[in-house]
Amino acid sequence: DLFKKDDIIFDIDWQGTQQLSQFKNLNLIKIFLIPPNKDELKKRLVTRNQDSTDEVELRFKAFDEDVKHWQDYDYVLINSNLENCYKQIENIISINKNKFIKTFQTIQ
């Protein structure tokens, strides 16, 4: 099973990622997910119908600033298809876990 009980997945913005990155003892895999374009972002925000119109506008306007922080991440994925994006995330986690396990075994 790919996900163990001590694995935690955060869905956070770039500010939260910067805060977590300060904890050097965490084995973080930072993945930056972005929609294919701003029009798709707006469509998803509206379709989700979770936020008020004002909140949708704020999130839409924040996109340009948010995208500037892509270099703070280990991976950048364009989420044009949810199923494919999920598979890519699984592969990234699996590859990194295997690297971590091999490194840990080498140290011991």
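**Salt bridges and helix packing**

Author: Lys43 and Glu40 are joined by a salt bridge whose closest N and O atoms are 3.9 Å apart; the term requires a side-chain nitrogen of Lys or Arg within 4 Å of a carboxyl oxygen of Asp or Glu. The model is a predicted one, in which local features need pLDDT of at least 70 and side-chain atom pairs count only at pLDDT 80 or more, while totals for chains, interfaces and linings use all residues. Residues are numbered from 1 along each chain as its sequence is written, and side-chain values use heavy atoms, with hydrogens and water left out.

Both Lys43 and Glu40 belong to helix H2 (residues 38–48), where 3 residues, about one turn of the helix, lie between their positions. Helices here are DSSP runs of H or I with at least four residues, strands being runs of E with at least two, numbered from the N terminus. By the rule above, the salt bridges number 6.

Another of them links Lys68 to Glu65, at 3.5 Å from N to O. Lys68 is exposed, its relative accessible area being 52%, whereas Glu65, at 38%, is partly exposed. Exposed stands for over 50% relative accessible area, buried for under 20% and partly exposed for what lies in between, with a 1.4 Å probe and protein chains only.

In helix H4 (residues 82–107), Glu83 and Lys87 are 4 residues apart, about one helical turn, and their salt bridge has its closest N and O atoms 3.3 Å apart. Glu83 is exposed at 52%; Lys87 is partly exposed at 42%. Through shared partners, salt bridges also join Glu40, Lys43 and Arg44 into one network.

Helix H2 also packs against H3. Their axes, lines fitted to C-alpha atoms over the stretch in contact, with angles from 0 to 180 degrees between N-to-C directions, come within 10 Å and cross at roughly 155°. H2 is therefore roughly antiparallel to H3, as angles over 145 degrees count as roughly antiparallel, under 35 as roughly parallel, 65 to 115 as roughly perpendicular and the rest as oblique. In this contact (heavy atoms within 4.5 Å), H2 contributes Lys38, Leu41, Lys42, Leu45, Val46 and Arg48, and H3 contributes Val56, Glu57, Arg59, Phe60, Phe63 and Asp64.

Helix H3 (53–67) is also among what covers the buried residues of H1. Those in H1 (residues 14–21) are Trp14, Gly16, Thr17, Leu20 and Ser21. They lie on the same side of H1 because they span an arc of only 155° around the axis, taken from the directions from the helix axis to the C-beta atoms.
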